[in-house]
Amino acid sequence: MAEKKRVSILGATGSIGQSTADVIASDPERFEVSTLTANENYKDLAQAAIRLNAYSVVIGNSTHEEALREILKGKGVSVLSGQDALIHAVQPETDLTISAITGVAGLKPLMNAIKNSTAVGIANKEPLVAAGAFVMEEAKKYGTQILPIDSEHNAVFQVFDFDRSEGIERIILTASGGPFRTWSAEEMAKATPEQAVAHPNWDMGAKISVDSATMMNKALEIIEAHILFGLPAEKIDVLIHPESVVHSMVEYVDGSVLSQMGASDMRTPIAYTLAWPERMQTPGERLDLTQMKELHFEQPDVEKFPALKLAYQCLEKGALSCLLLNAANEVAVEAFLRQEIGFPDILNIIEFALANEPDIKLESLDSALEADAAVRKSVSDYIDQELSQTKTKMKA
Ligand code: NAD
Ligand code: MG
């Protein structure tokens, strides 16, 4: 038997983290688990550590450290806590890290993982959107293989000829269209967090589920594709495909279109990443084409879902705009989930942020983080004003 692959998971208690744990647990001969992290959910973190026989765990919120230690007493799992420990969670000589923290909060831990791992599987798209050039530069510097986990980018990765990319005409990212694909603008204006989080095809964390409802998820994925595959915006297209069977396509100059298909189960792209460059049996769902009566493909409605237009505008304007788009979206989605703003406010807030660029040059990771913090502050202030307006309107 070959040596086991040493794997760490950043964001082990989330939807991607737990699916990763399922795949690892299905083949314990193949993997050994080094470090697992979470921010708040120490109970699930402890369970995952016991299930996967992990060497260590890191909990971001230090107030949970004692309780976590208590559950893991006598289990031989080392426990650390705090933001600094979270950033440095991945230890040298890790074979593969799965980066599955939501948001730019995952950027520093990802950078450390790139330094200390042979390969990094990235589900966490926000750092790529906010600071993609720095992330890819770091991977180049340390010779770290980046493996996309996001289903569309994983699909593209599987059929993308990296050695002869001049033969590639375009990438076609597929989009389910989210829970509001068939809703009118009037209906969407009243959408609640509960409705937005109920995705028709995929079971995901709250933030990415809201992103699917605004189609900001696809907007982020357009930028993510640009970063991962180095293609200009005009070579990245989006098609609505409500069945989520074709996970994305690469069209070559001779007219050949290569796609990767599968059930809508993240365990397949996760297993691809875990086993890469090999393949492994996967506990996930299987695609049964005989059960698929029809597959639909249509152009997205960019008037109803302006997020897509914004992504192309941001790519044209440059890295700072992409960062603003992401930061404003993160703050707006959190406010929407707390029911402080309405669903259409998310896009309004992003447009506000894009119109008010901070005067910061993106010349280093630190300047990117500084810009990110500046946008969050200005957007939060804007939300406070918006909110008071809404309150006034409601009283009237
Ligand atoms: P989730 O909300 O279910 O889990 C998030 C994880 O990140 C948790 O383990 C949590 O502890 C950790 N985390 C959250 N905030 C943190 C912080 N401030 N510091 C440290 N850790 C923190 O999210 P998810 O659905 O698993 O998504 C994770 C990432 O993967 C996102 O970037 C998402 O866009 C991407 N992604 C998810 C899916 C999916 O099917 N869920 C598909 C494609 C891409
Ligand atoms: Mg995706």
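Guide: Rings of Phe, Tyr and Trp are paired if their centres lie within 6.5 Å. In this predicted model, ring pairs link Phe 157, Phe 160, Phe 162, Phe 229 and Tyr 272 into a cluster.

Visitor: How many aromatic pairs does the structure hold?

Guide: The structure holds 9 aromatic pairs. One of them joins Phe 352 and Tyr 382, with ring centres 3.9 Å apart and planes at 5 degrees.

Visitor: Why is the pair of Phe 352 and Tyr 382 called stacked?

Guide: A pair of aromatic rings is described by the distance of the centres and the angle of the planes. Centres must lie within 6.5 Å, and planes under 30 degrees apart count as stacked. For Phe 352 and Tyr 382 the values are 3.9 Å and 5 degrees, so the pair is stacked.

Visitor: What makes this pair a tie between parts of the chain?

Guide: Phe 352 belongs to helix H15 (residues 343-355) and Tyr 382 to helix H16 (residues 365-395), so the pair ties together parts that are 30 residues apart in sequence.

Visitor: Why is Phe 352 called partly exposed?

Guide: Buried requires under 20% relative accessible area and exposed requires over 50%, with partly exposed in between. Phe 352 has 22% relative accessibility and therefore counts as partly exposed.

Visitor: Why do Gly 262 and Gly 255 receive their accessibility classes?

Guide: Gly 262, in the loop between strand E11 (257-261) and helix H12 (267-275), has 9% relative accessibility and therefore counts as buried. Gly 255, in the loop between strand E10 (246-252) and E11, has 46% and therefore counts as partly exposed. In space, the C-alpha of Gly 262 is 5.2 Å from that of Leu 287, although 25 residues separate them in sequence.

Visitor: How do you know that Asp 150 is buried, and which side chain does a polar contact join to that of Asp 150?

Guide: The relative accessible area of Asp 150 is 7%, so this residue is buried. Asp 150 is found in the loop between strand E7 (145-148) and helix H7 (151-159). A polar contact of 2.9 Å joins its side chain to that of Lys 125, where the cut-off for such a contact is 3.5 Å.

Visitor: What makes helix H11 mostly covered?

Guide: Of the 14 residues in H11, 12 are buried. Among them are Met 216, Lys 218, Glu 221, Glu 224 and Phe 229. Phe 229 also belongs to the ring cluster with Phe 157, Phe 160, Phe 162 and Tyr 272.

Visitor: How does the span of H11 stand against the expected value?

Guide: Helix H11 (residues 216-229) reaches 20 Å from its first C-alpha to its last, close to the 20 Å expected at 1.5 Å a residue. Just after H11, Gly 230 takes a positive phi of about 65 degrees.

Visitor: Which residues come nearest to ligand 1, and which backbone atoms lie by its oxygen atoms?

Guide: Of the 22 residues around ligand 1, Thr 13, Ser 15, Ile 16, Glu 126 and Gly 205 come nearest. A backbone N or O atom lies 3.3 Å from a ligand oxygen atom in the case of Gly 11, 2.9 Å in that of Ser 15 and 2.8 Å in that of Gly 205. Ligand 1 taken alone exposes 820 Å², of which the protein buries 85%. Helix H1 (15-25) and helix H6 (125-142) are the elements that give two or more residues to the shell. By class, that shell has 11 nonpolar, 8 polar and 3 charged residues.

Terms used: Residues numbered from 1 in each chain as written. Chains lettered and ligands numbered in written order. Predicted model: local features only at pLDDT ≥ 70, side-chain atom pairs only at ≥ 80, totals over all residues. Heavy atoms only, no water. Phe/Tyr/Trp six-rings, centres within 6.5 Å; stacked < 30°, edge-to-face > 60°. Helix = DSSP H or I, 4+ residues; strand = E, 2+ residues; numbered from the N terminus. Buried < 20%, exposed > 50% of the residue type's maximum accessible area, 1.4 Å probe, protein only. Expected span 1.5 Å × (residues − 1). Near = heavy atom within 4 Å. Polar contact = N/O pair within 3.5 Å; in protein donor to acceptor, adjacent residues only side chain to side chain. Areas by Shrake-Rupley, 256 points an atom, 1.4 Å probe, with all protein chains shown as cover. Nonpolar A, V, L, I, M, F, W, Y, C, P; charged D, E, K, R; others polar.
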